[in-house]
Amino acid sequence: MIVAPYDGSYAPAAIVLPVIVEGVVSGRSAVMGLFVDPLAAQSVIAVSVVDGLGLTLFGEGAIIGSEGQSLSVPSYFATIWVEGRAHWLSVLGYGDTSYAGRDILDQLSVTLDGSNQRLLVRLSSAEE
């Protein structure tokens with residue numbers, strides 16, 4: 001289980017999932033925190049991280065805004081490690097912020113413990 005404190009450098013404190021992002025082909029990796037965005041269908045990796053890790057271009061995907069607007073962006077192969085478990089994904093490369101979408105979150109048991117300002121993450125019970 002992961003117990004991660006909220007990132008207090010933001011106001012209000014940000015909910016961040018600690019992960020390792022790895023290029024499938026390049027093998028380069030980085031330990032980082034992904035903002036938790038349960039409304040995002042796909043995870044997004046900041047362009048600077050995509051370039052630094054040498055992620056492999058896969059095609060295109062879409063980011064859907066809160067008002068339904070769609071933006072076509074590049075899609076990349078990546079491995080995202082959560083609690084020692086690999087998630088092989090097609091992530092979107094966009095902007096300056098990286099966040100975990102439902103492609104990762106739906107495979108985990110995620111609890112926001114707001115009163116203690118922490119994120120609790122477990123693998124699904126069948127895989128623990």
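# Briefing on a predicted structure

The largest nonpolar core of this structure has 27 residues, and those with the most contacts inside it are Leu 17, Ile 80, Val 82 and Ile 104. At least two residues of this core are supplied by each of strand 1 (2-5), strand 2 (16-22), strand 3 (29-36), helix 1 (47-53), strand 6 (70-82), strand 7 (85-93), helix 2 (102-105) and strand 10 (118-123). Strand 6 gives the largest share, four residues. The model is predicted.

**Nonpolar cores**

- In soluble globular proteins, nonpolar side chains tend to be buried together.
- Val 82, one of the core residues with the most contacts, touches Ile 2, Leu 17, Val 19, His 87, Ile 104, Leu 108, Val 121 and Leu 123, when neighbours within four places in sequence are left aside.
- Another core, of six residues, lies apart from the largest one; among its members are Val 44, Ile 63, Leu 92 and Tyr 99.

**Nonpolar surface patch**

- Val 24, Val 25, Phe 58, Phe 77 and Trp 88 form a nonpolar patch on the surface, and together they have about 580 Å² of accessible area.
- Val 24, a member of this patch, is located in the loop between strand 2 and strand 3.
- With a relative accessible area of 46%, Val 24 is partly exposed.

**Salt bridges**

- The structure holds two salt bridges.
- One of them joins Asp 106 to Arg 102, with the closest N and O atoms 2.6 Å apart. Arg 102 is partly exposed, at a relative accessible area of 38%.
- Asp 113 forms a salt bridge with Arg 118, and here the closest N and O atoms are 2.8 Å apart.
- Asp 113 counts as buried, at 13% relative accessibility, whereas Arg 118 counts as partly exposed, at 31%.

**Aromatic pairs**

- The count of aromatic pairs comes to two.
- In one of these pairs, the ring centres of Tyr 10 and Phe 35 are 5.3 Å apart and the ring planes stand at 80 degrees, so the pair is edge-to-face.
- Tyr 10 lies in the loop between strand 1 and strand 2, and Phe 35 lies in strand 3; the pair therefore ties together parts that are 25 residues apart in sequence.
- Tyr 10 is partly exposed, with a relative accessible area of 42%. Phe 35 is also partly exposed, with a relative accessible area of 23%.

- Ala 46 is placed in the loop between strand 4 (44-45) and helix 1, and at 3% relative accessibility it counts as buried.
- The C-alpha atoms of Ala 46 and Asp 96 are 4.7 Å apart, although the two residues are 50 residues apart in sequence.
- Leaving aside neighbours within four places in sequence, Ala 46 is in contact with Tyr 94, Gly 95, Asp 96, Thr 97 and Ser 98.
- Val 49 is found in helix 1. Beyond its neighbours within four places in sequence, Val 49 is in contact with Met 32 and Ser 98.
- Val 49 and Ala 30 are 19 residues apart in sequence, and their C-alpha atoms are 8.4 Å apart.
- Gln 42 lies in the loop between strand 3 and strand 4 and is partly exposed, with a relative accessible area of 24%.
- Gln 42 and Leu 92 are 50 residues apart in sequence, with 7.0 Å between their C-alpha atoms.
- Not counting residues up to four places away in sequence, Gln 42 touches Ser 75, Ser 90, Val 91, Leu 92, Tyr 99, Gly 101 and Asp 103. Two of these residues, Leu 92 and Tyr 99, belong to the core of six residues.

**Backbone features**

- The peptide bond from Ala 11 to Pro 12 is cis, with omega near -5 degrees. Pro 12 is in the loop between strand 1 and strand 2.
- Glu 83 is not a glycine, yet it has a positive phi of about 55 degrees. Glu 83 is in the loop between strand 6 and strand 7, and it is partly exposed, with a relative accessible area of 37%.
- Gln 117, a residue other than glycine, has a positive phi near 45 degrees. Gln 117 lies in the loop between strand 9 (108-113) and strand 10, and at 44% relative accessibility it counts as partly exposed.

Definitions and conventions:
Residues numbered from 1 in each chain as written. Predicted model: local features only at pLDDT ≥ 70, side-chain atom pairs only at ≥ 80, totals over all residues. Heavy atoms only, no water. Core = buried A, V, L, I, M, F, W, Y, C linked by side-chain atoms within 4.5 Å. Buried < 20%, exposed > 50% of the residue type's maximum accessible area, 1.4 Å probe, protein only. Contact = heavy atoms within 4.5 Å. Patch = residues over 30% accessible without salt bridge, like charges linked within 9 Å, V, L, I, M, F, W, Y side chains within 5 Å. Areas by Shrake-Rupley, 256 points an atom, 1.4 Å probe, with all protein chains shown as cover. Salt bridge = Lys/Arg side-chain N within 4 Å of Asp/Glu carboxyl O. Phe/Tyr/Trp six-rings, centres within 6.5 Å; stacked < 30°, edge-to-face > 60°.
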